[in-house]
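Subject: Structure handover

Hello,

I am handing over the structure below. Please look at it alongside the notes that come after it.

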Amino acid sequence: MIELKKPQIVILGAGYGGLVTAVRLQKKLNVNEAEITLINKHNYHYETTWLHEASAGTLHHDRVRYEIPSVIDQSKVKLVEDTVIEVNKEAKIVVCENNKEIPYDYLVIALGAESETFGIEGLKEYAFSISSVNKARHIREHIEHQFALYAQDKKEERLTIVVGGAGFTGIEFIGELANRVPGLCKEYDIDQKKVRIICVEAAPSALPGFDPELVSYAVARLEKKGVEFMIGTPIKGCTEEGIIVGKGEEETEMIPAGTVVWAAGVRGSSIIDKSEFENMRGRVKVEPTLLAPGHEDVFVIGDCSLVINEEINRPYPPTAQISMQQAEVCAKNIVALVRGGQLEDFEYKPKGTVCSLGDDDAIGVVFGKKLKGTSASIMKKIIDNRALYMAGGLSLMLKKGKFKFL
């Protein structure tokens, strides 16, 4: 009897989208139906939405991550620890650094986002980005080192921290940082008044697109903790000494700073460009079924996908929430292809958005209701715990979850 070749399902990336897809597929398909391979740069998944805490030093970086084998069934899902170089669509092969070539019948691209500097000179060389566990740890260590050096040489620019961008990542990082600074000042015997946290945002408002009343609350709360906002101010460049900001038509100003963190833009994966998928800044405008246009075997989800909000004719912002919802539909559609069923369309159902202002404060809109302060902070932790539950069930949530609500 001739054994039929099992379909090869390959998932690129173990972020929110890729990992949940793998977990759902291992439950829906038996070992005789398909072979599932998950390719990821590391053997761990990290909660991207917690990186701002690790960067500020309010949460240890090990709390942010957990090992992938702890949530996948390795009898059904093969984990390949490798870096994806490109996708050869014609040959249906994923090219990796170490394993060279991995063939696929069905491919899921969930490679996450990369920092977007918009061509601003010096940002790549001299600014930090909150984009991985290692980079988050580097930011925390760098800030602590600057405080330690100030105790020796009294250079005041060491105590100036500039954050480029007042979007979600920037504001959440600043909130954690504002809570961390008093402890750092006590540890290194520094007058807290000498520390400057400056947020520079080119848009006319912090948290663009968010509810204005809640934005005002957030800015006021952070200003009370000593944060300075430079709204409507573009960053023109970055050097080893600090940042250059625009002042009016042609004038610029240099702000000396010991630490510059860029949190003002992300794009999809450069692998999308390299693999010659039609895209906009590394993001593929997917079909309703989450397939890449013109392909019947390649799904794109998470930060690499672009889904239009028909009500305002603009893309939904890339979030963990939309990634995990896409993963559910993506897994169902792959099962349908394997078994000869009908594909279903993805419909995003936003459950709300919460932005933390430190461990003890937040703002948000959940099911149409505005929240701020303690109630929003509690909701933020519930959302974080739910993400853990979706990927690894109750045991992971109990092990890694946030349960200090007040």
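This is a predicted model: local features need pLDDT of at least 70, side-chain atom pairs count only at pLDDT 80 or more; totals for chains, interfaces and linings use all residues.

The chain as a whole

The protein chain contains 9 helices and 27 strands. Its C-alpha trace spans about 80 × 45 × 45 Å along the principal axes. The radius of gyration is 22 Å, and because a compact globule of 406 residues would have a value near 22 Å, the two agree. Of the 406 residues, 52% count as buried. The accessible surface comes to about 19600 Å², and carbon and sulfur atoms account for 49% of that surface. As for contacts between residues at least 6 apart in sequence, 65% of them join residues at least 24 apart.

The cavities

A probe the size of a water molecule, rolled over the atoms, shows where empty space is left. In this structure there are 2 cavities of 30 Å³ or more.

The largest cavity has a volume of about 90 Å³. Its lining is made up of 13 residues, and those nearest the centre are Ser 356, Gly 358, Lys 380, Lys 381 and Lys 402. Two helices, α2 (51-56) and α9 (374-400), each supply at least two residues of this lining. Which element gives the most to the lining of the largest cavity? The answer is α9, with 4 residues. Sorted by class, the lining of the largest cavity has 8 charged, 4 polar and 1 nonpolar residues.

The second largest cavity holds about 40 Å³ of space. The residues that line this second cavity are Arg 283, Gly 302, Ser 305, Leu 306, Val 307, Tyr 316, Pro 317, Pro 318, Ile 322 and Gln 326. Strand β22 (305-306) and helix α8 (320-339) each supply at least two residues of that lining. By class, the lining of the second largest cavity has 6 nonpolar, 3 polar and 1 charged residues.

Helix α4 (133-153) and strand β18 (259-262) each supply at least two residues of the pocket lining. The classes in this pocket lining are 4 nonpolar, 5 polar and 5 charged residues.

Glu 114 lies in strand β10, which covers residues 114-115. Is Glu 114 buried, partly exposed or exposed? Its relative accessible area is 29%. Buried means under 20% and exposed means over 50%, so a residue between these limits is partly exposed. Glu 114 therefore counts as partly exposed.

Leaving aside neighbours within four places in sequence, Glu 114 is in contact with Gly 265, Val 266, Arg 267, Gly 268, Ser 269 and Ser 270. For a distance across the model, take Glu 114 and Met 379: these residues are 265 places apart in sequence, and their C-alpha atoms are 28 Å apart in space.

Regards

Technical notes: Residues are numbered from 1 along each chain as its sequence is written. Side-chain values use heavy atoms; hydrogens and water are left out. On a 1 Å grid over the protein atoms alone, a cavity is a set of points where a 1.4 Å probe fits but cannot get out, and a pocket is an open set with protein on both sides within 12 Å along at least five of seven lines; lining residues have an atom within 4 Å of a point. Grid points are joined across faces, edges and corners, and a volume is the space filled by probe spheres set on the points. Ala, Val, Leu, Ile, Met, Phe, Trp, Tyr, Cys and Pro count as nonpolar, Asp, Glu, Lys and Arg as charged, and the others, Gly among them, as polar. The radius of gyration is taken over C-alpha atoms; the globule rule is 2.2 Å times the number of residues to the power 0.38. Buried means under 20% relative accessible area, exposed over 50%, partly exposed in between (1.4 Å probe, protein chains only). Contact means heavy atoms within 4.5 Å. Accessible areas come from the Shrake-Rupley method with a 1.4 Å probe; for residues, only the protein chains shown count as cover.
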